[in-house]
Amino acid sequence: MASRHPFRSACFLLALLLFFDFPPSFSLHLSGSWKTTTFFQFLAKFGFQKTNLKDRSETQGYIYGNITTQLNTTSYVTLAVLDRGYFLEYYGNSTVLQRAAACTAMFKKIDSVAYDSQCNDGGSQDLLRKIPCPNGKLCPDEDNPRNVVENFQFSFHVEDLSQPRFWYLSFVACYRDSNCSWKPLEEEFSLDYDIWLVNGNPYSKNQNPLEYQFSFDNQDTVEIYLVFLACYMFLTPLQVYAVMRQKHPVTKLFTVGLIFSLCGVLLNMFHCLKFAFDGKGVEIAAIIGGVLDICSQTLLMLLLLLLAKGWAITRKELKNITLLFSVWALYGLVHVLLYVWDLTELDVIDDIDAYQTWPGWLMLILRIGIMAWFLFCLRATMAFEHQKSKLEFFLHFGAASLVWFIYLPIVALIALQVPVLWRTKLLLGIVYSANFLAYAVMAHLLWPTRSQQYFLLANQVDLGDELEEFDEAPHNIENRQAPFIRKNSRSLSDSDVFSTHDLANQRIAV
């Protein structure tokens, strides 16, 4: 029964999360439409790699695409490509209620460095484009056609000579008038856009397909998923073979969690591989993969709590089972809340991760509390248990479980000191490593040839341990060698002799 309820809960969780209206993630191949009445539209945050001066054209970042309108209009708005130093002030002023004041404030700092052939010919940086572009022609600001990627209307070449850096792409309904003053656009029309952001030369045939489409902070994630997909594909068939040999509630629950992990990695891998080719991926696959990861981790936590209380090893029935499932369900709900918060509420502009939000801190605190309760239950179970093989199991099990419980709070604190461009891949690699190692250690401890020494098997009653303890009792030591002789018997026959083992069997039978 214990293994069925978590499986049903996991399926319910998966179905529930699929009904959430998650916003589309900011994919790096951007396409869609924008109405100028919206005034400001943030498009993407993209990490460009450090430019190598010896191979500048191959290691630059590129932003290129087409932006058109179906209306015949001479009005234009602005496409801005800014690094964080300029973007934060620009973005903060976009919320000013009076649009005329907003346009002036947004571009006040940018005007000092942004090149414009009419208003700032001495500008040192190429940051702005007038849009929409004429149908079938280059954008008005593209004065050198050789710099524009073929078959597209505009291009930005991004160079960062010192370090990788985030750049921010946005539309704003502001334009320069004949006096070079920024004004809000009053006319309403819709823009159709198709924009690519890439690390590397679009013309090069030597592109690394696992990095070209990816923002710098997400580069190497494909390799991480590939490594752990191979690991899980090796471990999962072995565990399926083990559960077929020993059909026990513990191994069944463990196998379900392991299969969820494999499916989660597989779906995330599929999303990343497709993203590597089209810059969009399959968002629904990534969301389901994240849900399955949550199910896998929560099922593993449930299994650890059940074993810490001695379920199926020291005792078959557990006390306070309602409390155990309530704590487990609370942790699962907080984990889901964190996942939903990360997808819907976490501002991509902020350089923070999910563990730096209040749902993240709540989950980490709850995890530490559950770890303390786990240790308390394990200590009580070991005090109740006297069999050596079971005590050895609990020692190894407790050490491995404690590492799994404590690693996430420690890593979350360390991540605060890690630059955001490296933080995502660091957290992803450590989390997947810890979860896989936990499953690998548990698979070793629960392997049939090992676990049969301490499992209470439901389909088999083994009285050997009880008989050994009975034989080793002090009041039976003197009688171990002597047979029992019936009164009024002159001689001993085979039927007259009862060993202590037979007597023990009779008492147990009664």
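**Labels and their cut-offs**

Visitor: What is the content of residues 361-381, helix or strand, and how far apart are the end C-alpha atoms?

Guide: The span is 100% helix and 0% strand, with its end C-alpha atoms 30 Å apart. Helices are DSSP runs of H or I with at least four residues, strands are runs of E with at least two, and both are numbered from the N terminus. This is a predicted model, in which local features need pLDDT of at least 70 and side-chain atom pairs count only at pLDDT 80 or more, while totals for chains, interfaces and linings use all residues. Residues are numbered from 1 along each chain as its sequence is written, and side-chain values use heavy atoms, without hydrogens and water.

Visitor: What does UniProt list for residues 361-381?

Guide: The unreviewed UniProt entry gives them as a "transmembrane region", along with other spans including 224-244 and 393-420. UniProt positions follow the numbering used here, feature names are shortened, and annotations may be inferred rather than shown by experiment. In the model, residues 224-244 are 100% helix and 0% strand, and their end C-alpha atoms are 30 Å apart.

Visitor: Why is I365 called exposed?

Guide: Its relative accessible area is 59%. Exposed means over 50%, buried under 20%, and partly exposed in between, with a 1.4 Å probe and protein chains only. Since 59% is over 50%, I365 counts as exposed. I365 lies in helix α9, residues 358-384.

Visitor: Which residues make the nonpolar surface patch?

Guide: W361, I365, L413 and L416 make it, and the patch has about 380 Å². A patch takes residues with over 30% relative accessible area and no salt bridge; nonpolar side chains (Val, Leu, Ile, Met, Phe, Trp, Tyr) are joined within 5 Å, like charges within 9 Å. The areas come from the Shrake-Rupley method with a 1.4 Å probe, and for residues only the protein chains shown count as cover.

Visitor: What makes D126 and R129 a salt bridge?

Guide: Their side chains meet at 2.5 Å, N to O. A salt bridge needs a side-chain nitrogen of Lys or Arg within 4 Å of a carboxyl oxygen of Asp or Glu, so the pair qualifies. At 40%, D126 is partly exposed, whereas R129, at 3%, is buried.

Visitor: How close are the N and O atoms of E142 and R129?

Guide: The closest are 2.7 Å apart, and this is also a salt bridge. The pair links distant parts of the chain, with E142 in the loop between β5 and β6 and R129 in strand β5, 13 residues apart. E142 has a relative accessible area of 11% and is therefore buried. The whole structure holds 14 salt bridges.

Visitor: Why are F171 and Y193 called edge-to-face?

Guide: A pair of aromatic rings is described by the distance of the centres and the angle of the planes. Rings of Phe, Tyr and Trp (its six-membered ring) pair if their centres lie within 6.5 Å; planes under 30 degrees apart are stacked, over 60 edge-to-face, and the rest tilted. By this rule there are 30 aromatic pairs. The F171 and Y193 centres are 5.3 Å apart and the planes are at 75°, so the pair is edge-to-face. F171 is in strand β7 (residues 165-172) and Y193 in strand β10 (residues 190-199), 22 residues apart. Both F171 and Y193 are buried.

Visitor: What are the distance and angle for F216 and W422?

Guide: They are 5.4 Å centre to centre and 80° between the planes, which makes this pair edge-to-face. F216 lies in the loop between β10 and α5 and W422 in helix α11, so the pair ties together parts 206 residues apart in sequence. F216 is buried at 13%, and W422 is partly exposed at 39%.

Visitor: Where does K45 lie relative to the ring of F166?

Guide: K45 lies over the face of F166, 4.3 Å from the ring centre. That label requires NZ of Lys or CZ of Arg within 6 Å of the ring centre and within 35 degrees of the ring normal. R367 also lies over a ring face, that of W404, at 4.3 Å from the ring centre.

Visitor: Where is N151, and what is its phi?

Guide: N151 is in the loop between β5 and β6, and its phi is near 75°, a positive value in a residue other than glycine. Its relative accessibility is 67%, so N151 counts as exposed.
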